[in-house]
Amino acid sequence: KERDPHHTHFQQAARSLLESIEGPLRDHPDFDDDALMARLLEPERTLVFRVPWVDDDGRTRVNRGFRVQMNGALGPYKGGLRFHPSVNLDVLTFLALEQTLKNALTGLPLGAGKGGSDFNPKGRSDAEVMRFCQAFMTEFHHHMGADTDVPAGDMGVGPREIGYLFGMYRKLGRRHDGGFTGKQLSFGGSALRVQATGYGLIYFLEAMLNQRDQTLEGRTVAISGAGNVARHALEKALERDARVVSLSDSRGSIYIKDGFTRDHLEAVAEIKNGGGKVGDLADRFDGVEYRDGERPWDLPCDIALPCATQNELEEEDADRLIDNGCGWVVEGANMPCSGAAVKRLRDAGVVFGPGKAANAGGVAVSGLEMSQNSRRESWSAEEVDRRLRDIMARVHQRCLDHGGDGERPDYLVGADMAGYLRVAEAMVGQGIL
Ligand code: NDP
């Protein structure tokens, strides 16, 4: 706090971690906790670089590029790149800390990092996005590679951007390897990588429900966001016959009382891919209510899945969810619930699934993509899905191992403890670095 007083997101994530593990760690005298924690909270390395590029009008633009190489104890730094105007070192360092615990929880050999730029791809032409990605890579390629640092996508970085980034990485490094994940299938991508975070979220939610002998069928679900995670969570929830009543974006939310259908979902994908707002769905279908500037958290639901961005569900939203009888809040996005909201939900007995466990499916399939690339293999969608389910079941089990496996496990404490212990053991084993 003293070193970076303006890094409020990072402090929020670090405080949550410290609160979770402080009590349970007293039973683990093997680790010199303070010294370990001081190392865990400090990135191994942080890169900040200039990204100059030329827009379609011939004007030179300058953005800032970042990479936080947080922790390499378990494997190559692994985590996405985010292109969004809100990107800064505070946001990326909090994301990198969450990534450290998440990657450890998957059980795969993955270290953790996070990066990106304050570049906004929205409203930019394909050619501009390509020039920006190429400019970003002219610097970043020096610092990454299949065995050192393996980036992927995040907000604003989808298959198109990864294609341009990977192309430049390949050209500058004269290599075609697993230095990036989230690639398109035609040049080394994995089946189901695009769907993995949303599908994995629903697999994790089902494991939580099963723990109490419940299922998703017929349950009313509110989802926020209309991007990669939200849409694939919606798709999988529909397969399970849940009644999903909302999606949202940065401009507002939509409410469908009778629940989304596949036709609604396909139309949302078309609208968002075309640069529209989620509210445009109301012009295409009866029974769709657009709520300009509103979040979905005042809607009656059994389960809430925040899948948009950090701190999108605040204390007063938590109160509304509780008043409306919501029993489960499971995070698809990274830290979408504010610290005060998490406390409110947990105090009220709402079952809370933290993002570092619930949204681990994306990085898990990225790990599988790295394995396929290094073995020069390509697994079927069925094979990847089987492994994804297996990994999410194990993430769930690790949460129970450390958060209690009875009727009311504490998933936040379980996820933090399980992730921390795995990284801590690797750090202690490698000495003070
Ligand atoms: P996308 O860019 O595909 O979608 C993000 C969605 O969130 C968009 O609908 C966007 O609206 C909305 N949004 C952004 N800012 C706000 C805001 N301030 N208020 C309301 N809505 C907002 O990103 P992803 O779906 O990939 O990522 C969503 C979250 O999930 C992030 O927290 C990300 O870190 C996390 N995550 C993603 C993974 C992945 O594999 N993609 C893996 C693990 C976590 P609009 O369209 O108007 O901009």
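## Domains and the ligand

Domain bounds here come from an automatic or database domain assignment. On that basis, the chain splits into domain 1 (8-177) and domain 2 (196-353). Both domains give residues to the shell around the ligand, so the ligand lies between them.

The model is predicted: local features need pLDDT of at least 70, side-chain atom pairs count only at pLDDT 80 or more, and totals for chains, interfaces and linings use all residues. Residue numbers start from 1 along each chain as its sequence is written.

The shell has 25 residues, of which Gly227, Asp249, Ser250, Ala333 and Gly362 come nearest. Two elements give two or more residues each: helix H7 (228-239) and strand S7 (243-249). H7 has the largest share, 3 residues. Helices (H or I, at least four residues) and strands (E, at least two) are DSSP runs, numbered from the N terminus.

By class, the shell holds 7 nonpolar, 13 polar and 5 charged residues. Ala, Val, Leu, Ile, Met, Phe, Trp, Tyr, Cys and Pro count as nonpolar; Asp, Glu, Lys and Arg count as charged; the others, Gly among them, count as polar.

The C-alpha centres of domain 1 and domain 2 lie 26 Å apart. The contact takes 10 residues from domain 1 and 6 residues from domain 2. Two residues are in contact if their C-beta atoms, placed from the backbone, lie within 7 Å.

On the domain 1 side, H1 and H3 are the elements that give two or more residues. H1 gives the most, with 5 residues. This side has 4 nonpolar, 4 polar and 2 charged residues.

## Helices H1 and H3

The axes of H1 (residues 8-25) and H3 (residues 89-105) come within 7 Å and cross at roughly 20°. That makes H1 roughly parallel to H3. Axes are lines fitted to C-alpha atoms, for helices over the stretch in contact, and angles run from 0 to 180 degrees between N-to-C directions. Angles under 35 degrees count as roughly parallel, over 145 as roughly antiparallel, 65 to 115 as roughly perpendicular and the rest as oblique.

Thr8, His9, Phe10, Gln12, Ala13 and Ala14 of H1 meet Asp90, Val91, Thr93, Phe94, Leu97 and Glu98 of H3. The residues of this contact divide into 6 nonpolar, 4 polar and 2 charged.

Conventions
Near = placed C-beta within 6 Å.
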